Amino acid sequence: MAAPGPEFTAIVRVAGPGRLDEFREHLRWLMVRDIDAENYTEHHARDTLEYRFEIEKGVPFAAFANASEEFPELRVEAEWRNSRQGVRGRTIIQGGRLFDHETAPIDGGLLALHIECGAQGELALGMA
């Protein structure tokens, strides 16, 4: 019998016609300084950066939003699945701003959630 997978996972992809190597280095600098940042692995292709997380606390949106602000030509797409809470979601950040966000129950039911990010990439408003 296989061991169950992690309860909270996320994949963040960064792509665009920009300076991916510089974004990667800047994000590493931010993640090292983030006391809440959790372990992640990097999986990169020539034109895409990909970060995979198995997390307890949550996706480090602030670090990605801050890095995105420095590299507005790049698009950050995050997808996550939290089996413990029964939700999955997706978000798009570009130029340090949240452009699209959706959350839904894993089982396909209805869920109402509203999230707004502040100028520094922090959570400004979250309602469920």
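Is Thr-9 buried, partly exposed or exposed, and what is its relative accessible area? Thr-9 is partly exposed, because its relative accessible area is 25%, and the classes are set as buried under 20% relative accessible area, exposed over 50% and partly exposed in between (1.4 Å probe, protein chains only). The structure is a predicted model, in which local features need pLDDT of at least 70 and side-chain atom pairs count only at pLDDT 80 or more, while totals for chains, interfaces and linings use all residues. Residues are numbered from 1 along each chain as its sequence is written, and side-chain values use heavy atoms, with hydrogens and water left out.

We can now turn to the overall fold. The protein has two helices and eight strands, where helices (H or I, at least four residues) and strands (E, at least two) are DSSP runs numbered from the N terminus. Along the sequence, their order is β-α-β-β-α-β-β-β-β-β. Of the 128 residues, 31% are buried. Contact means heavy atoms within 4.5 Å; among contacts with a separation of 6 or more, 51% come from residues 24 or more positions apart.

Thr-9 belongs to strand S1, which spans residues 8–15. The covered face of S1 holds Phe-8, Ala-10, Val-12 and Val-14, and its uncovered face holds Thr-9, Ile-11, Arg-13 and Ala-15. In a regular strand the side chains alternate between the two faces of the sheet.

Strand S1 has neighbours to pair with, and two strands pair if DSSP finds at least two bridges between them. S1 runs antiparallel to strand S4 (residues 75–82), with eight bridges joining them, and Ile-11 stands opposite Glu-79 in S4. S1 is also antiparallel to strand S3 (residues 48–54), through seven bridges; there, Ala-10 has Phe-53 as its bridge partner. Leaving aside residues up to four places away in sequence, Thr-9 touches Phe-53, Glu-54, Glu-79, Trp-80 and Arg-81. Thr-9 and Glu-79 are 70 residues apart in sequence, with 8.5 Å between their C-alpha atoms.

Helix H2 (residues 61–70) has Ala-63, Phe-64, Ala-65, Ala-67 and Ser-68 as its buried residues. Their cover includes S1, helix H1 (20–33), S3, S4 and strand S5 (87–94).

Another threonine, Thr-103, lies in strand S6 (residues 97–105). Thr-103 counts as buried because its relative accessible area is 16%. Its side chain makes a polar contact with the side chain of His-101 at 3.0 Å. A polar contact is a pair of N or O atoms within 3.5 Å; within protein, one must be able to donate a hydrogen and the other to accept it, and residues adjacent in sequence count only if both atoms are side-chain atoms.
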